[in-house]
Amino acid sequence: MYKVFVNDVPLILSTKKDLGENYVSLPIKKVRIKRIIKKISKGELLYVNLYHEKEEKLLKHLFKKLRVVTAAGGMVLNDKDEILFIYRKKRWDLPKGKTEKNETIESSAIREVEEETGVEGLKVTKFLQKTYHIFKRKGRYRLKVTHWYEMRTSYDGELRPETKEGIEKAKWKDLKKSQKALQKSYANIKLLFPEKYLTGHSKDRVA
């Protein structure tokens, strides 16, 4: 099963035809995806399940319907186990960005984190997961697939938010401050965090 976010509403991709009475279930092979996205954006649909009997076909069909943008980013921890957040468009987020041509995904993750925050000395410790969300650019819908890595650094210098990209702040946050920040974050970002960080608000799950 996959969750593909339209704003903060999860579009479910699964092998099950029925996820419960709340869900509108449609075959992903035949669905008119742009119509569904518009209805979700307008608040007319909140629970949508796109199904196919073979799990490996779910993303293949979605990729045929929407242009894919590959991105990468990082959950960065310092020596105090604080997490590096950025603040943009009135939301707390994690640094990430589009992968460039002839660049590995892991390299792009490091580059984007450095560019957006000014942090240095990054070391990737593990791959976390991919997240999926749909956005609109130049009047057309795109599917952003973001590859997330856990990173470590001992950097304790000044952080420099990339203001030309609309980033207003770059801040280290401990557990308590991270919990507060996640209340003003995105649903796909919350998926990256252990449950203890989500105290006080619900993690996005299938109802």
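In this predicted model, L62 touches V4, L13, I28, I33 and L143, where residues up to four places away in sequence are not counted and contact means heavy atoms within 4.5 Å. L62 is also, together with L11 and I134, among the residues with the most contacts inside the largest nonpolar core, which has 23 residues. A nonpolar core is here a set of buried Ala, Val, Leu, Ile, Met, Phe, Trp, Tyr and Cys residues joined through side-chain atoms within 4.5 Å, and buried means under 20% relative accessible area, with exposed being over 50% and partly exposed in between (1.4 Å probe, protein chains only). The elements that contribute two or more residues to this core are β1, β2, α1, β4, α2, β9 and β10, with helices (H or I, at least four residues) and strands (E, at least two) taken as DSSP runs and numbered from the N terminus. A second, separate core of 15 residues includes I83, Y87, L182 and L198.

Residues are numbered from 1 along each chain as its sequence is written. Local features need pLDDT of at least 70 and side-chain atom pairs count only at pLDDT 80 or more, while totals for chains, interfaces and linings use all residues, and side-chain values use heavy atoms, with hydrogens and water left out.

Helix α3 (residues 105-117) has buried residues S108, A109, R111, E112, V113, E116 and T117, and what covers them includes β5, β6, β8, β10 and β11. The helix is followed by G118, whose phi is positive, near 85°. In the loop between β8 and α3 lies T99, which counts as buried because its relative accessibility is 16%. The side chain of T99 makes a polar contact with the side chain of S108 at 3.0 Å; such a contact is a pair of N or O atoms within 3.5 Å, one able to donate a hydrogen and the other to accept it within protein, and residues adjacent in sequence count only if both atoms are side-chain atoms.

R111 is buried at 15% relative accessibility, whereas E100 is partly exposed at 47%.
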